[in-house]
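Please read the following note with the structure open beside it. The points are numbered so that each can be checked in turn.

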Amino acid sequence: QVQLVESGGGLVQSGGSLRLSCAASGRIFSNNAMGWYRQAPGKQRELVATIGSGGRINYADAVKGRFTISRGDAKNTVYLQMDSLKPEDTAVYYCKYSSIYTRDYWGQGTQVTVSS
């Protein structure tokens, strides 16, 4: 019922920046939370950042001070500004949509590669 499309991934040098975008469409509830998760090869998917409908934001300790999550003017969009990227940030980044009224939805992921 909900489709998520991510974009903005790519290859950058250590210390560089990328901005990821996620657009949700379909049966969107106004009261929703969106977030970014990432998964590196051989590792479990982990939380990067989340933003609730009221603007509450949470960051993983590993990205605090470097990444910024935000919503667009339309609440069905979410961004992840990634600065001071490190090789450890290399992973597939997934957008997540959640609502109390439905199951979680995931995007297909976008690859972020940070070279040293």
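1. To begin at the surface: is Phe29 buried, partly exposed or exposed? The model is a predicted one, and in it Phe29 has a relative accessible area of 35%, which means that it is partly exposed, since that class lies between under 20% for buried and over 50% for exposed. The residue sits in the loop between strand E3 (18-26) and strand E4 (33-39). Together with Ile100 and Tyr101, Phe29 forms a nonpolar patch on the surface, and the accessible area of these residues together is about 370 Å².

2. The start of the chain may be looked at next. Gln1 lies in the segment before E1, and with a relative accessibility of 54% it counts as exposed. Although Gln1 and Gly26 are 25 residues apart along the chain, their C-alpha atoms are separated by 5.6 Å. When neighbours within four places in sequence are left aside, Gln1 is in contact with Ser25, Gly26, Arg27 and Tyr105.

3. Not counting residues up to four places away in sequence, Val78 touches Leu20, Ser21, Cys22, Met34, Trp36, Ile51, Ile69, Ser70, Arg71 and Cys95. Thr50 may also be located from here: it is 28 residues from Val78 in sequence, and the two are 9.6 Å apart in space, C-alpha to C-alpha.

4. Strand E9 (91-99) deserves a separate point, and a careful reader may ask how many of its residues are buried. Eight of the nine residues in E9 are buried, so that the strand is mostly covered. E9 pairs with E4 in the antiparallel sense over seven bridges, and in this pairing Arg38 stands opposite Tyr93 in E9. Three bridges join E9 to strand E11 (residues 110-115), again antiparallel, with Val112 in E11 as the bridge partner of Ala91. A further three bridges join E9 to strand E10 (residues 102-106), and these strands also run antiparallel. E9 and E10 form a hairpin with two residues between them, and Ser99 stands opposite Thr102 in E10.

5. The charged side chains come next, and the count of salt bridges is five. One of them joins Asp89 to Arg38, with the closest N and O atoms 2.9 Å apart. This pair links distant parts of the chain, because Asp89 is in the loop between E8 and strand E9 (91-99) while Arg38 is in strand E4, 51 residues apart. Asp89, at 2% relative accessibility, counts as buried, and Arg38, at 7%, counts as buried as well.

6. Which other residue forms a salt bridge with Asp89? The partner is Arg66, and here the closest N and O atoms are 2.7 Å apart. This pair too links distant parts of the chain, with Asp89 in the loop between E8 and E9, and Arg66 in the loop between strand E6 (57-59) and E7, 23 residues apart. Both Asp89 and Arg66 are buried. Through shared partners, salt bridges join Arg38, Glu46, Arg66 and Asp89 into one network.

7. Asp61 forms a salt bridge with Lys64, the closest N and O atoms being 3.3 Å apart. Asp61 has a relative accessibility of 63% and therefore counts as exposed, whereas Asp89 counts as buried at 2%.

Note on methods:
Residues are numbered from 1 along each chain as its sequence is written. This is a predicted model: local features need pLDDT of at least 70, side-chain atom pairs count only at pLDDT 80 or more; totals for chains, interfaces and linings use all residues. Side-chain values use heavy atoms; hydrogens and water are left out. Patches are made of residues with over 30% relative accessible area and no salt bridge: like charges are joined within 9 Å, nonpolar side chains (Val, Leu, Ile, Met, Phe, Trp, Tyr) within 5 Å. Accessible areas come from the Shrake-Rupley method with a 1.4 Å probe; for residues, only the protein chains shown count as cover. A salt bridge is a side-chain nitrogen of Lys or Arg within 4 Å of a carboxyl oxygen of Asp or Glu. Helices (H or I, at least four residues) and strands (E, at least two) are DSSP runs, numbered from the N terminus. Buried means under 20% relative accessible area, exposed over 50%, partly exposed in between (1.4 Å probe, protein chains only). Contact means heavy atoms within 4.5 Å. Two strands pair if DSSP finds at least two bridges between them.
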